[in-house]
Amino acid sequence: MANSLLLGEYRERESMLHQLDPRTKILSVFIIMLSFLMLKTFVGYIAATLFVIGVYRLSNIPFRIVLRSLKPVLFILSFTFFFHTLTTEGRVLWSYSFIHVTVEGLQNGMRFVMRIVLLILLASILTLTTKPLTLAQGLERLLGPLSKLNVPIEQFSLMIVIAIRFIPTIMQELDRILLAQKARGYDISSLPWTKRIFSYIPILIPLLFTTVKRAEQLTYAIDARAYGNGKGRTVYRQLEMKRLDYIALVIALLFTFVMLLLRIGGI
């Protein structure tokens, strides 16, 4: 499972996206995510899908790895699809007792699932092409004006990056716990999916314990390096916006504008 997850992981590649300033990527991803929330028509979803595929092509990251990253969230996607399929009123396609499947429910289910997939893939491209420390530096620079309001932006930026980086770490701990149970003769993957859901509940306690322990060790490591509140900390490599960064921002804005036109026009 940990090997399938992309969110929070960095992949070293030679690509245009890896060369972009982290501030450019953060702003572009935020703007494009807002445009994904406006998706409504079939043409809009096709355009958004092609755009995400094109972005991954520019990152030189194989798309088969990207599709594999969706395995850990299959349960969430399935739950979202069936929830909207069974709870949306409309023209009934099939019914049994109190269960009704409608045309509008299928449409809403597919729309929400596709939207979640696009958001996950877009968020993954940010962490895949940006080193954690560089991402923290870019976020800190973007939130710089808030420091005048006594907002601890240094601590906030570090907290966000650590939280993102902890996602694959937690998944690795989950894999270790599952392997330990399998070595003791209890294989969750061999159970039916109905029983498998409830079998994960006892795993939450050791997973929570190991996660808290790792967080405590990380806290001691930060204190040992005299990080403090982060104010006045210098960096070796200074961030600098280049021509390619401005081009990327313009492309993100144009794409958002096109998505807005497609929604207004109902195309």
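Mentor: At 15% relative accessibility, Thr-41 counts as buried, since buried means under 20% relative accessible area, exposed over 50% and partly exposed in between, with a 1.4 Å probe and protein chains only. This is a predicted model, where local features need pLDDT of at least 70, side-chain atom pairs count only at pLDDT 80 or more, and totals for chains, interfaces and linings use all residues. Residues are numbered from 1 along each chain as its sequence is written, and side-chain values use heavy atoms, with hydrogens and water left out.

Trainee: Where does Thr-41 lie?

Mentor: Thr-41 lies in the loop between α2 (22-36) and α3, where helices are DSSP runs of H or I with at least four residues, numbered from the N terminus.

Trainee: And Phe-42, is that buried or exposed?

Mentor: Phe-42, which lies in helix α3 (residues 42-58), counts as exposed because its relative accessibility is 66%.

Trainee: Changing topic, how many aromatic pairs are there?

Mentor: The count comes to four aromatic pairs, taking rings of Phe, Tyr and Trp (its six-membered ring) with centres within 6.5 Å, and calling planes under 30 degrees apart stacked, over 60 edge-to-face and the rest tilted. One of them is the edge-to-face pair of Phe-36 and Phe-255, at 6.2 Å centre to centre and 85° between the planes. That pair links distant parts of the chain, with Phe-36 in helix α2 and Phe-255 in helix α11 (residues 243-265), 219 residues apart.

Trainee: Which residues do ring pairs link into a cluster?

Mentor: Ring pairs link Phe-36, Phe-51 and Phe-255.

Terms used: Helix = DSSP H or I, 4+ residues; strand = E, 2+ residues; numbered from the N terminus.
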